[in-house]
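Take a moment with the structure below before reading on. Then follow the text from one place to the next.

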Amino acid sequence: MSGPSTYEPKSGFTKWMDERLPIIRFGADLMDFPTPKNLNYWWTFGGILAACLAIQIVTGIVLAMHYVANTQMAFASVERIMRDIDFGWLIRNIHANGASMFFLAVYIHMFRGMYYGSYKNPREVIWILGVVIYFLMMATAFMGYVLPWGQMSFHGSAVITNLIGAIPLIGEPIKTYLMGGPAIGDPTLNRFFSLHYLLPFVIAGIVVLHIWALHVPGNNNPTGVSVKDVKKDTVPFHPYYTVKDGFAIVIFLILFALFVFYFPNALGHADNSVEANPLQTPAHIVPEWYLLPFYAILRAVTFDIGPIPAKLLGVIAMFGAIVVLFILPWLDTSKVRSMRYRPVARSLFVVFAFASVGLGFCGANDPDKFVFNFGPDKVALVYTDTNRQPQREVSDDYAALRARQSALPPTAGAAIEVQSEGFKWLWLSQILGAYYFLYFLVFLPLLGVIEKPKPRPASIADSVRKKHGSATPAAAAH
Amino acid sequence: MRFAKLALAGLAALAVSAVAVPVLAQEHGAPAGETGHAAGAGGHELMAPAHGWHHEEFFGTFDQNQLQRGFKVFTEVCSSCHGMKLLSFRNLGEQGGPFYEARYPNPNDNPAVKEIAAKYVNQIPSIDPDSGDPVKMPAKTSDRILGPYASDIAARVVNGGALPPDLSVIAKARHGGAAYVYSLLNGYHTPPAGLTVAAGQHYNAYFGGDTAASWSGDPRHKPPGGFLAMASPLATANVTFDDGTPTNLPQMAEDVATFLAWASDPKAVARKQMGAAVIPFLILLSILVFLSYKAIWRNVEH
């Protein structure tokens, strides 16, 4: 679809350059790239993500000039950036909130790709590269969160490295290499810092491949119908999409600025303002919000299956939730790209999206706490009976239980505790987690066979004309 | 197609709420604990002064007199156990700080700051250049506001095993911020009948923890809060405020909570002020870019 280059070098210098390093031609072709004219605002998140990556790299480089990767000094060095470095507070708030903004944008970008079937033939490689970027983003964000060396940094990294240790055979050695020793400490912090600096450049490299792969088949579009006629169906990327993406980026920056200037700590956790203390574990350890759905899937698995223990199974499910994205192009068997024309798939996708967000809520909450209570709390008398069997008597009436308790001999070790019943977050995460996998592994493969798609427009130009109700296509402006 | 748009818009809204709601859940439903983590209010609504917290408002600022009063409470009461090692004395005289004066752009020249540093009770450990012996030197404006103990171990020995936390970022490190500090200082209620308080411990209705093990009544009605080693620091304190503000416990608690909120994030006011310029600029820019977009696309059906 990119077609032959339309660039004509005009001046002596550009002609000279074009014969040696045709980089001007490269840029001109990139800007002139034919892009479907019916892209909606969901397509602007590619540009937004490029802006996010640039912002993270620039602010990160400045932060690295002041940060000290040492367990004794890291926490204070971050605070020093916030207090004593000129505009350090600004740069650090942008970087810390930028991670959240980056993930917000990437999730919308991914849901858009899933809804409009942007992963399908011939765009499988674009999608896979995207999933690689997403995976690297998660690794980078996780390591970045460890650097301020707060309580959540330390204990969060302990949870994640322990997970890797649960993998049979290779888990323990990988865990040791990751931590740089038998426990989390200075070697861990130093290698996390090193990798946290390295990975964004790896991401940038894969972004280049992602865009390169995009420029072979060209953009998908909301109808999913391929470009038939470049003249009628497309407009040049510049100025049409530079200005549209530019507008979306500015709107996104307003949301970004709102967090940076007015709610800089809203997406963080108060525990991370307490310096890391290996001897004191926070009451509940939670990752950053963007990793919560996977954390919920990890904790949803509380049962062994055959010889596989629950812990390993949870790790498998968590990584499986990401791995399944890599094979999504082949799991979805439908020939129709856009879910606009797939009524059943569209409903199931909406449920999938809600389930994914719901899993995030599950991840934020204690799995043993209740989403809602079944009724008012009761009290239970627990004691050991004369046959040395544990007993539990539940009642609403505390005074009655109290009387029972005093009637029991001291050897019974009777105690009264609260008994509450409700719908556990654990159960919700199991239901939603099951749906997550059902959607990919059962619904999408089956729907391609059984679903009857709605009629699709003959071309992009046709779909646009229908929308506006005009009989003849208006001429493109160029 | 309309449905798809609605669904996707709903999805975006959900994505945004996915950010917001866990945050709110973490802010309010905070679990309890010891000093090692951000203790919550023990499932208890936090207290606030009748006029609220001005500095937490969208364009809220700090009252310099209040910051000075809060600092006085800190020096006369808190600093006998707690330090603020992330702050230097000079920070007190920086823009937005309690002792800032426009005619001293360099806070190290500020006589008020110099005076505070010079007479600070917790002197700075140093080495005597003549004898090589460890000595304590009077603080300079560039020195950190250290606590009185030479080490954490020394602090624990004196405080019945408990470690008085450094207060530099305490408002940021506790759910509720200034409101938590204020509630804690006001929350030394008489323990309800049926609650056993161990020797060396003090009941506080707002301290993170669990009273279940010390409660002999209906476990569904256990008192909120927990126990801590610090006795009510302001109960016997009598800080005379230089600006004539009457001294009482709620006033001292409010002032010191506000000072600690400032100390946790001394650039908060500068941050909000810059936001008030950046966001309108971005809104204006978005209008201009939107008009360009409309102009460029005017002849394209899309």
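This is a predicted model: local features need pLDDT of at least 70, side-chain atom pairs count only at pLDDT 80 or more; totals for chains, interfaces and linings use all residues.

Start where the two chains meet. The size of an interface is often given as the accessible area lost when the parts come together. Here chain B and chain A bury about 6,700 Å² between them. Carbon and sulfur atoms account for 70% of that area. Chain B brings 70 residues to the contact, and chain A brings 83 residues.

In one salt bridge, the side chain of B:Arg90 meets that of A:Asp84, with N and O 3.1 Å apart. Which elements of chain B give two or more residues to the side that touches chain A? They are helix H1 (2–28), strand S1, helix H6 (249–264) and helix H7 (268–296).

Salt bridges also occur elsewhere. The whole structure has 25 of them over all chains. Take B:Asp265 and B:Arg271, whose side chains meet at 2.8 Å, N to O.

A:Lys424 and A:Asp368 form a salt bridge through their side chains, 3.8 Å from N to O. This pair links distant parts of the chain, 56 residues apart. A:Lys424 lies in strand S7 (residues 422–424). A:Asp368 lies in the loop between helix H15 (343–364) and strand S3 (370–373). At 24% relative accessibility, A:Lys424 is partly exposed. Another salt bridge joins A:Asp366 to A:Lys369, with the closest N and O atoms 3.9 Å apart. A:Asp366 is also partly exposed, at 25%.

Next, visit two buried residues in loops. In chain B, find the loop between helix H2 (64–76) and strand S1 (84–88). B:Ser79 sits there. Its relative accessibility is 2%, so B:Ser79 counts as buried. The side chain of B:Ser79 reaches the backbone oxygen of B:Thr75 at 2.6 Å. Leaving out residues up to four places away in sequence, B:Ser79 touches B:Phe74, B:Tyr120, B:Val121, B:Asn122 and B:Pro148.

In chain A, go to the loop between helix H9 (186–214) and helix H10 (230–233). A:Val225 is in this loop, and at 9% relative accessibility it is buried. A:Val225 and A:Pro457 are 232 residues apart along the chain, yet their C-alpha atoms are separated by 7.5 Å. A:Val225 touches A:Pro457, and its other contacts include A:Arg337, A:Arg456 and A:Ile460.

A nonpolar patch of about 770 Å² is made by A:Phe13, A:Trp16, A:Leu21, A:Ile23, A:Ile24, A:Phe26, A:Leu30 and A:Met31. Which helix gives the largest share? Helix H2 of chain A does, with 5 residues. Helix H1 (12–20) and helix H2 (23–31) each supply at least two residues. A:Ile23 belongs to helix H2. At 48% relative accessibility, A:Ile23 counts as partly exposed.

Note on methods: Residues are numbered from 1 along each chain as its sequence is written. Chains are lettered from A and ligands numbered from 1 in the order in which they are written. Side-chain values use heavy atoms; hydrogens and water are left out. Patches are made of residues with over 30% relative accessible area and no salt bridge: like charges are joined within 9 Å, nonpolar side chains (Val, Leu, Ile, Met, Phe, Trp, Tyr) within 5 Å. Accessible areas come from the Shrake-Rupley method with a 1.4 Å probe; for residues, only the protein chains shown count as cover. A salt bridge is a side-chain nitrogen of Lys or Arg within 4 Å of a carboxyl oxygen of Asp or Glu. Helices (H or I, at least four residues) and strands (E, at least two) are DSSP runs, numbered from the N terminus. Buried means under 20% relative accessible area, exposed over 50%, partly exposed in between (1.4 Å probe, protein chains only). A polar contact is a pair of N or O atoms within 3.5 Å; within protein, one must be able to donate a hydrogen and the other to accept it, and residues adjacent in sequence count only if both atoms are side-chain atoms. Contact means heavy atoms within 4.5 Å. Buried area is the accessible area (1.4 Å probe) that two parts lose on being put together, summed over both.
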